[in-house]
Structures are given as structure tokens and as C-alpha cells.
Amino acid sequence: MVEELTPEEVNERVQAGDIRVIDTRPPEQYEQGHIPGAINVPLGNLPSRVPDIDWDDTDVVCACPIGQSSKQAAMLISSYEGVEEGVLVASMAGGYDEWDFELEEGAAADA
């Protein structure tokens, strides 16, 4: 079972700078608006990209349109041996449909 964080919890942690957001939407959707600082890794690319991301002891939350595919992404990331034990890997409940906070616009940042 994947732990879920509410959009409010994600926003608080983004503001505090103590969480990494993985946005699993296609690049076109990401560029139209994303959680500040989010890394765009479309779900279909995630299996091949997970080993390339520099995982540290920062907690991770996955975000998608409605909070479903982000659960799959969180399970995949949490099973990767490069993610340190004790790091929270969660899904954002309700996805971007429930996000009522500021969004950043622009091209995807590399991980």
C-alpha cells in the first residue's frame, strides 16, 4: 500500500524544501503548469529513468492528473534499491485535480 499525502501536505513540504516531487505527466502537461521544483518523469519513462536519478535521503512524492498513476510510480520508486531505507515515497492524493496552490510553468528540468 502506498502512503498518500494531501495536496496541502505536499504544498507545505514543497515550501519547506524537504520533499522531492516527481511529476509523472506528459511533458506538454508539465510545461502548462507543475508543482514548483517538480521533476518531470513521464510514467512510461520512469522504469528506465529511476536508476539515473540521484536519490538521497529526501522524501519523494509522485504527482499525476488524478492520483492513480502516481501510486504506481511511488511503488516503482520505493522498490528501487538506490532509494535509501527510511525515505518516504508517497503519492499525492487526488493529483493535480486537487492542487489549489501556485504552479510553475515552463520546460522540464533535468533530474
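S70 is buried, with a relative accessible area of 0%. In this predicted model, S70 sits in helix 4, which covers residues 69-79. What does S70 touch, once its neighbours within four places in sequence are left aside? The contacts of S70 are C62, A63, C64, S91 and M92.

The spacing follows a general rule. An α-helix has 3.6 residues a turn, so residues three or four places apart point the same way.

Helix 1 can be read in the same manner. Helix 1 runs over residues 7-16, and its buried residues are P7, V10, N11 and V14. They too lie on the same side of their helix, because the arc they cover around the axis is only 100°. Which residues are exposed on the other side of helix 1? E12 and A16 are the exposed ones there. The cover over the buried residues of helix 1 includes strand 1 (3-5), strand 2 (19-23), strand 4 (59-63) and strand 5 (89-92). Just after helix 1 comes G17, with a positive phi of about 75°.

The chain contains four helices and five strands. Starting at the N terminus, their order is β-α-β-α-β-α-β-α-β. The radius of gyration of the chain is 12 Å, close to the 13 Å that the globule rule gives for 111 residues, so the chain is as compact as a globular protein of that length. Along the principal axes, the C-alpha atoms fill a box of roughly 30 × 25 × 25 Å.

Of the 111 residues in the chain, 42% are buried. The accessible surface of the chain is about 5,900 Å², and carbon and sulfur atoms account for 44% of that surface. As for charge, the chain carries 5 positive and 24 negative side chains. The centres of these two sets are 3 Å apart.

T24 is in the loop between strand 2 and helix 2, the latter being residues 27-32. Is T24 buried or exposed? Its relative accessible area is 5%, so T24 counts as buried. Beyond four places in sequence, the residues that T24 touches are V41, P42, L43, A63, C64, S69 and A73.

L88 is another loop residue, placed between helix 4 and strand 5. With a relative accessible area of 18%, L88 is buried, since the cut-off for that term is under 20%. Not counting residues up to four places away in sequence, L88 touches E3, L5, R13, D59 and V60. The C-alpha atoms of L88 and S78 are 8.2 Å apart, and the two residues are 10 residues apart in sequence.

N45 belongs to the loop between strand 3 (39-40) and helix 3. Its relative accessibility is 40%, so N45 counts as partly exposed. From the C-alpha atom of N45 to that of P26 is 9.8 Å, and these residues are 19 residues apart along the chain.

The last stop is D97, in the segment after strand 5. D97 has 56% relative accessibility and therefore counts as exposed. Which residues is D97 in contact with, leaving aside its neighbours within four places in sequence? D97 is in contact with P65 and I66. D52 is 45 residues from D97 along the chain, and their C-alpha atoms are separated by 29 Å.

Terms used:
Residues are numbered from 1 along each chain as its sequence is written. This is a predicted model: local features need pLDDT of at least 70, side-chain atom pairs count only at pLDDT 80 or more; totals for chains, interfaces and linings use all residues. Side-chain values use heavy atoms; hydrogens and water are left out. Helices (H or I, at least four residues) and strands (E, at least two) are DSSP runs, numbered from the N terminus. The radius of gyration is taken over C-alpha atoms; the globule rule is 2.2 Å times the number of residues to the power 0.38. Buried means under 20% relative accessible area, exposed over 50%, partly exposed in between (1.4 Å probe, protein chains only). Accessible areas come from the Shrake-Rupley method with a 1.4 Å probe; for residues, only the protein chains shown count as cover. Lys and Arg count as positive and Asp and Glu as negative; His and the chain ends are not counted. The place of a charge is taken as NZ of Lys, CZ of Arg, CG of Asp or CD of Glu. The arc is that of the directions from the helix axis to the C-beta atoms. Contact means heavy atoms within 4.5 Å.
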